[in-house]
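I opened this entry to work through one model, element by element. My notes follow in the order of looking.

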Amino acid sequence: MVTFVDRVQLYLQAGRGGNGCVSIHREKFKPMAGPDGGAGGHGGNIVLLADPQVTTLLEYHRRPHIQSKNGGYGAGDWRAGENGEEMVLSVPIGTVVKDSDGETLIDFTEPGMRYVAAKGGIGGLGNMDLASPKRKAPGFALLGTEGWTGEITLELKTIADVAFVGYPSAGKSSLIAAMSAAKPKIADYPFTTLHPNLGVVQSGEYRYTVADVPGLIEGASEGKGLGLDFLRHVERCSALLHVLDCATLEPGRDPMSDLDVILGELAAYPVPEGQIPLLERPQMIALNKIDVPEARDLAEMVRPDLEARGYRVFEISTASHEGLRELGYALGESVEKERAVREAAKADQPRIVLTPKPVDRINFRIKKEGGTHGEIFRILGEKPEKWVEQTDFTNDEAIGYLADRLQKLGIEDALVKAGAVAGSAVVIGPGAGVIFDWEPTVTSVGEVQAGVRGSDDRLDPITRRTNQERRAEYQTLMDGKAEARAELERERESGMWGTDAAMWGADE
């Protein structure tokens, strides 16, 4: 059984952010008296880095579970927690990163490229950072959030200018060794090469990279042999060199039939969208092993037929190095032409315009759901979900602060528009989330809270009169006053209220 090292699944867990600290500086007569709880440190990120010194993904097959460090907790005396150390994973150039759904996240085509694969959690704020003119000594702090946890897939697609394709034992690895300083493993049995070999060729002023693509046999594009796992390496090459064995002793094999099989497999392999199909790229043919007399005769026989198809044909020998100089220059010219085409295409590409997020962008959405327990209003969004995760639900004042933040975000108005009423079930976040019975507020948020530390009077049950009830009470009051005035007027008209002379006697 062969284990391939060009694809690996990683399980990443970024560090959690540290919790903020609740602390009050007790020296009242010093200028720095007051809340002094520091913030928690951020969790460490997990970063992928394209490193030209790394050539395989073998290390991650042995260590697929990777975790970065958590952030430190905040402390009193204004001491912030230490940030978790960033973890850098070096990957070969040519590595494609995909998420669990198979969507491509990044393609490492240049050395030094960085990508944050797992972002660390955010450290919670201490009560010194939460203090304000209206909240002078907060009795709570924010909790740190969890770092990103999930799976990614690393898939290595070798980057080379020219791909050597052909049947097993056609001499592809030997050709790389003869044209460059590469030292691949070479033997006279099929499937010697279990991963592509890379080499750098210098032919005069031309400098380019070459790679052999092992395991191509009939049916490789359908998963037979090793070809399907290695055909992806051809995707990045700008030119193809068909290495045909002119000295094979296998029955039913000859250079023409070998070429037709390889062309059929290349045509059946689907390249990613936006790339040039394999058979539409520049192609040349190398008739190998002409140091054997019978092979030289066969090469001279099939060369006219191959040239009639439009190929440039070179008769070579990796053993005697015959014909390698001419082949090297021809490949260099082809690579330079393709490079010029790519550079021109880059110059014509439209510029990338980064548009800032609008100020009035809505950072959440409300989804109405029905269930066995009645109608539920679910709030989804990065900010409210993060705020819920930062809240210590054992502290009433922290819950009140969460209510303030949600109200400022406009969630209450959105709930009203969605049809929510007092007592409606509201859930923040996906799944079970955090559920509560919604009670709309009347006054603005951020008011000074009068009460013991760690409590919030807004959470006490309060019976608030509606506008209709207030109008009814006011009308009743006005009706009562009118009735009292009418009663006084009736008493005056009946003589109950006379002048002072009548009441005390005329002689006085």
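I began at H10, on the face turned away from its buried side, and found the exposed residues Asp 413 and Lys 417 there. Exposed means over 50% relative accessible area, buried under 20%, and partly exposed in between (1.4 Å probe, protein chains only). Helices (H or I, at least four residues) and strands (E, at least two) are DSSP runs, numbered from the N terminus.

A note on the source. This is a predicted model, so I took local features only at pLDDT of at least 70 and side-chain atom pairs only at pLDDT 80 or more, while totals for chains, interfaces and linings use all residues. Residues are numbered from 1 along each chain as its sequence is written, and side-chain values use heavy atoms, with hydrogens and water left out.

**Helix H10**

Which residues of H10 are buried? I listed Ile 411, Glu 412, Ala 414 and Leu 415, in a helix that runs over residues 411-418. They sit on the same side of H10, because they cover an arc of only 160° around the axis. The arc is that of the directions from the helix axis to the C-beta atoms. An α-helix has 3.6 residues a turn, so residues three or four places apart point the same way. Just after H10 I noted Gly 419, with a positive phi of about 105°.

I then looked at two other residues. Lys 289 has a phi near 70°, positive in a residue other than glycine. I placed Lys 289 in the loop between strand E15 (283-288) and H6. Its relative accessible area is 24%, so Lys 289 is partly exposed. His 321, also not a glycine, has a positive phi near 65°. His 321 is in the loop between strand E16 (312-315) and H7. Its relative accessible area is 44%, so I logged His 321 as partly exposed.

**Arg 303**

Arg 303 belongs to helix H6 (residues 293-308). Its relative accessibility is 27%, so Arg 303 counts as partly exposed. What does Arg 303 touch, not counting residues up to four places away in sequence? I found Leu 287, Val 313 and Glu 315; contact means heavy atoms within 4.5 Å. From Arg 303 to Val 313 is ten residues in sequence and 6.7 Å in space, C-alpha to C-alpha.

**Rings**

How many aromatic pairs does the whole structure hold? My search gave two. Rings of Phe, Tyr and Trp (its six-membered ring) pair if their centres lie within 6.5 Å; planes under 30 degrees apart count as stacked, over 60 as edge-to-face and the rest as tilted. Phe 140 and Tyr 401 make a tilted pair, 5.2 Å centre to centre with 45° between the planes. Phe 140 is in the loop between helix H2 (127-130) and strand E10 (149-156), Tyr 401 is in helix H9 (residues 396-408), and 261 residues separate them. Both Phe 140 and Tyr 401 are buried.

Tyr 206 and Tyr 329 pair edge-to-face, at 6.4 Å centre to centre and 80° between the planes. Tyr 206 lies in strand E13 (residues 206-212) and Tyr 329 in helix H7 (residues 324-348), so this pair ties together parts 123 residues apart in sequence. Tyr 206 is buried, at 15% relative accessible area, whereas Tyr 329 counts as partly exposed at 29%.

**Whole chain**

Last, the totals. I logged twelve helices and 20 strands for the protein chain. Of its 508 residues, 42% count as buried.
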